[in-house]
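Morning, everyone. Please have the sequence and the model open while I talk.

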Amino acid sequence: TVPATLYNHRHPEAPPTSVVLPQCLGVWAASSAIYLAYAAVSKARGWKVPHAAIRPAYSSGVLWAVGFVLMVAGIRDLGYSVGYALDAAGPIMVSSLLSLLVFREIRGRTQTALYFVGFSLQLVGVLLIAANGQA
């Protein structure tokens, strides 16, 4: 996000999402090239290539791109200190809640207590940054 933020800072006339297409296109091209190279080597060696694995990867890439657009817009609207703190900690907090509540990966009293202590400290930190940050 730093190159995107620097570009947006140096080009205030450009829309903040102007950095999204080049970055997403580069990630897509690189990941597609890596997958095609893997498939070519696998085919040459006679290994079976799991083509079904590509669908979830591209779907998660689309989800990442949407999140990137929202992150760039959030940093523009909230300022870097607040926007980045929310963009960095927010997904971690959501995924950890999913881990606890949906997938039940955190079990036992000690682990759950440690989770809530860590979650609370992170939440307090993000709230303090949001309350005292400058837009």
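Contact here means heavy atoms within 4.5 Å. One note on the source: this is a predicted model, where local features need pLDDT of at least 70, side-chain atom pairs count only at pLDDT 80 or more, and totals for chains, interfaces and linings use all residues. Residues are numbered from 1 along each chain as its sequence is written, and side-chain values use heavy atoms, with hydrogens and water left out.

Start with Tyr7. Which residues does Tyr7 touch, not counting residues up to four places away in sequence? Ala14, Ser18 and Val19. Take Val19: Tyr7 and Val19 are 12 residues apart in sequence, yet 7.7 Å apart in space, C-alpha to C-alpha. Tyr7 sits in helix 1, residues 2-10. Helices are DSSP runs of H or I, at least four residues, numbered from the N terminus. Tyr7 is partly exposed, at 34% relative accessible area. On that scale, buried is under 20%, exposed is over 50%, and partly exposed is in between, with a 1.4 Å probe and protein chains only.

Next, the aromatics. Rings of Phe, Tyr and Trp (its six-membered ring) pair if their centres lie within 6.5 Å; planes under 30 degrees apart are stacked, over 60 edge-to-face, the rest tilted. How many aromatic pairs does this rule give? Five. One of them is Trp64 with Phe68, stacked, 5.4 Å centre to centre and 5° between the planes. Both lie in helix 3 (residues 54-78), four residues apart, about one turn of the helix. Trp64 or Phe68: which is buried? Phe68 is buried, because its relative accessible area is 4%. Trp64 has 38%, so Trp64 counts as partly exposed.

Now helix 5, residues 109-132. Its 24 residues reach 34 Å from first C-alpha to last, close to the 34 Å expected at 1.5 Å a residue. That expected span is 1.5 Å times one less than the number of residues. Tyr115, Phe119 and Val126 are buried in helix 5. Their cover includes helix 4, residues 80-101.

Leu98 is partly exposed, with a relative accessible area of 40%.

Last, charges. Side chains of opposite charge can pair when their charged atoms come close. A salt bridge is a side-chain nitrogen of Lys or Arg within 4 Å of a carboxyl oxygen of Asp or Glu. The structure holds one. The partners are Arg76 and Asp77, at 2.7 Å, N to O.

Technical notes: Helix = DSSP H or I, 4+ residues; strand = E, 2+ residues; numbered from the N terminus.
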